[in-house]
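Have the viewer open and follow along.

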Amino acid sequence: MNNDIKTICCIGAGYVGGPTMAVIADKCKHLKVIVVDLNKEKIDSWNDEDLKKLPVYEPGLKDLVKRCRGKNLFFKTDIKQSIAESDMVFISVNTPTKESGLGAGEASDLKYIESSARSIAKFAVGKTIVVEKSTIPVKTAEVIKTILISSQKDLRNESAESFTVLSSPEFLAEGTAINDLLNPSRVLIGGDSETAINALADIYKNWIDEDKILKTNIWSSELSKLTANAFLAQRVSSINSISALCEETGADISEVAKAVGMDYRIGKYFLKSGPGFGGSCFKKDILNLVYISKFYGLNEVANYWNQVLEINKWQQNRLTTIIVKKLFGTIANKKIGVLGFAFKANTNDTRESPAINICTDLIIEGANLSILDPKVDKISILNDLYKSVLKKNNSIEVKNNIEIAACYEQLASGSDAIVILTEWEDFKNIEWQKISKLMRKPSWIFDCREILDINQLRESDLNIWKLGFGSNISNIT
Ligand code: NAD
Ligand code: UGA
């Protein structure tokens, strides 16, 4: 069957489409792999000679692109031609939360899925397997099928195109995407057609053991993706809720997480407390689950999952309040250094980053921020903060109170506090004794990612507040 599939294309050259197709191209040299997007600027960046300019930062991605681009991996804007020559089309477009209309604020906006399906219906030639890679509400395959089938009817002839729709949600996490794609815990394929399922499975079998390829009905596959993200996010909210209790009682969240996680029924992963989960998916996917549950009249289910989001919001607000309280109840005109802006380490993605909310609240309280992130560019940080501050309080002038620091020294100089919001490895090697000398006294470090070794800093003149740590050091009595 694999021999029938010669060319595949992926609609959407984002954080999923780019890395996923780069891995497939590298592992399946017999396939021609095309990644196609409406956004010309993004495609130009994917084609840039300078691999540092790829639109997605992921460890290992540059090497894959270098090896395959122009050989069997192509980044294009020509949607018509790309679909026409493909035997299999992946849909990896964004599925954000709807901003207006029916279901606004909860339901997924399927406009990009619909336009992709319409493009496939219009441009496909012959038999085409359509693979949903985007995360979508359960039952979306029905929408895609309906669009594709109506186009077949339009043609009313024997040689009409024929389509099969599969669901194969992507489980990669940003920052570890290449490793996740190379060594997935499972590949999920849902569908009705055994032939089509096997055709997709044959691609993955080029590097993944068959027993890791799970074949299900299409609705189980769609719902499993939302459920997996909801369970992961729920663990983060659970541990974050306990972090607050640790601070009150003298317990240490890292010790609690270790003790709890050693129970094999609970497991040790995803129990790191922090400033709340960010990223483009957890919030939107849980909102989607909440919406679907309400749609089916399951209000208790909806309320249960909504609470995971409530705790996440609460954790971010709680951190801002702690910072303001520790700095004598006011941060107006004080300089605060912010280490990290990405929603997690090893990515340049800032979507739904907790740093956006926390920085916004600090700015609204009157602080001047100096921000440093190793991979997020200045324009992204400024855009995110301009938009977010404007949304919360349109009377605040943002221009002069954000600086993008070029080095730790610039960030620390004259600042009253430094807040660690992303767990970048580099931040673990900061020489705090040196940094401390540049700060205004009394100076505070707020470690919201549990990266500081507090024992090494006991003798310093820094006041340390570490998330979920009940024995924080304060030199101020
Ligand atoms: P993204 O925003 O990075 O990329 C989506 C791309 O699709 C954009 O470049 C956009 O221009 C393009 N696009 C939209 N409509 C198009 C159309 N009609 N024709 C051509 N291109 C079009 O999004 P992403 O982070 O890659 O996520 C894509 C999907 O995968 C989402 O449903 C998401 O929930 C899911 N997902 C994301 C991740 C992740 O880590 N980011 C992981 C697993 C699943
Ligand atoms: C997540 C899932 O892990 C992927 O399996 C899924 O494919 C993807 O969403 C998606 O559907 O988009 P991602 O959001 O890229 O991946 O990154 P995660 O590692 O899950 O982290 C999400 C957020 O939770 C980050 O802000 C991270 O800092 C936070 N987190 C994670 C914690 O605070 N503690 C943890 O223990 C783990």
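Predicted model: local features only at pLDDT ≥ 70, side-chain atom pairs only at ≥ 80, totals over all residues.

**Ligand 1**

Let's start with ligand 1, which has 28 residues around it. Asp-37, Lys-42, Thr-95, Glu-174 and Lys-284 are the closest of these. By class, the shell splits into 10 nonpolar, 11 polar and 7 charged residues. Which helix gives the most to this shell? That's helix H5, residues 111-123, which supplies 3 residues.

Glu-174 puts a polar side-chain atom 2.8 Å from a nitrogen atom of ligand 1. Ser-115 also uses its side chain, with an N or O atom 3.1 Å from a nitrogen of the ligand. With Tyr-15 it's the backbone instead: one of its polar backbone atoms sits 3.0 Å from an oxygen atom of ligand 1. As for cover, ligand 1 taken alone exposes 830 Å², and the protein buries 92% of that.

**Ligand 2**

Now for ligand 2, with 19 residues around it. Phe-171, Leu-172, Glu-174, Lys-272 and Cys-281 come nearest. The shell of ligand 2 holds 11 nonpolar, 2 polar and 6 charged residues. Helix H9 (residues 218-249) gives the most here, with 4 residues.

A polar backbone atom of Lys-272 is 2.7 Å from a nitrogen atom of ligand 2, and a backbone N or O atom of Phe-343 is 2.8 Å from one of the ligand's oxygen atoms. Lys-344 brings in its side chain, with a polar atom 2.8 Å from an oxygen of ligand 2. Taken alone, ligand 2 exposes 700 Å², of which the protein buries 89%.

| Ligand | Ligand atom | Residue and part | Distance |
|---|---|---|---|
| Ligand 1 | oxygen | Tyr-15, backbone | 3.0 Å |
| Ligand 1 | nitrogen | Ser-115, side chain | 3.1 Å |
| Ligand 1 | nitrogen | Glu-174, side chain | 2.8 Å |
| Ligand 2 | nitrogen | Lys-272, backbone | 2.7 Å |
| Ligand 2 | oxygen | Phe-343, backbone | 2.8 Å |
| Ligand 2 | oxygen | Lys-344, side chain | 2.8 Å |

**The sheet and its helices**

Next up is an open sheet of 6 strands, in the order E11-E10-E9-E12-E13-E14, with parallel pairing.

Zooming in on one pair, strand E9 (residues 335-339) runs parallel to strand E10 (residues 368-372), and 5 bridges join them. One residue to look for is Lys-335, whose bridge partner in E10 is Asn-368.

Helix H12 (residues 299-326) touches E9, strand E12 (417-420), strand E13 (443-447) and E14, and its direction makes about 165° with that of E13. Helix H13 (residues 354-364) touches E9, E10 and E11, at about 155° to the direction of E10.

While you're on H12, find Ile-311, which lies in that helix. Setting aside neighbours within four places in sequence, Ile-311 is in contact with Ser-237 and Ser-241.

**A few local spots**

Most residues other than glycine have a negative phi, and most peptide bonds are trans. Phe-270 has a positive phi of about 60° although it is not a glycine. You'll find Phe-270 in the loop between helix H10 (253-261) and helix H11 (282-295). The bond joining Lys-441 and Pro-442 is a cis peptide bond, with omega about -5°. Pro-442 lies in the loop between helix H16 (432-438) and E13.

Last stop: Asn-183, in the loop between helix H7 (177-182) and strand E7 (187-190). The side chains of Asn-183 and Asn-179 are joined by a polar contact of 2.7 Å. Asn-183 and Trp-207 are 24 residues apart in sequence, with 8.6 Å between their C-alpha atoms.

Key. Residues numbered from 1 in each chain as written. Chains lettered and ligands numbered in written order. Heavy atoms only, no water. Near = heavy atom within 4 Å. Polar contact = N/O pair within 3.5 Å; in protein donor to acceptor, adjacent residues only side chain to side chain. Areas by Shrake-Rupley, 256 points an atom, 1.4 Å probe, with all protein chains shown as cover. Helix = DSSP H or I, 4+ residues; strand = E, 2+ residues; numbered from the N terminus. Nonpolar A, V, L, I, M, F, W, Y, C, P; charged D, E, K, R; others polar. Pairing = 2+ DSSP bridges. Contact = heavy atoms within 4.5 Å. Axes fitted to C-alpha atoms, helices over the stretch in contact; angles between N-to-C directions.
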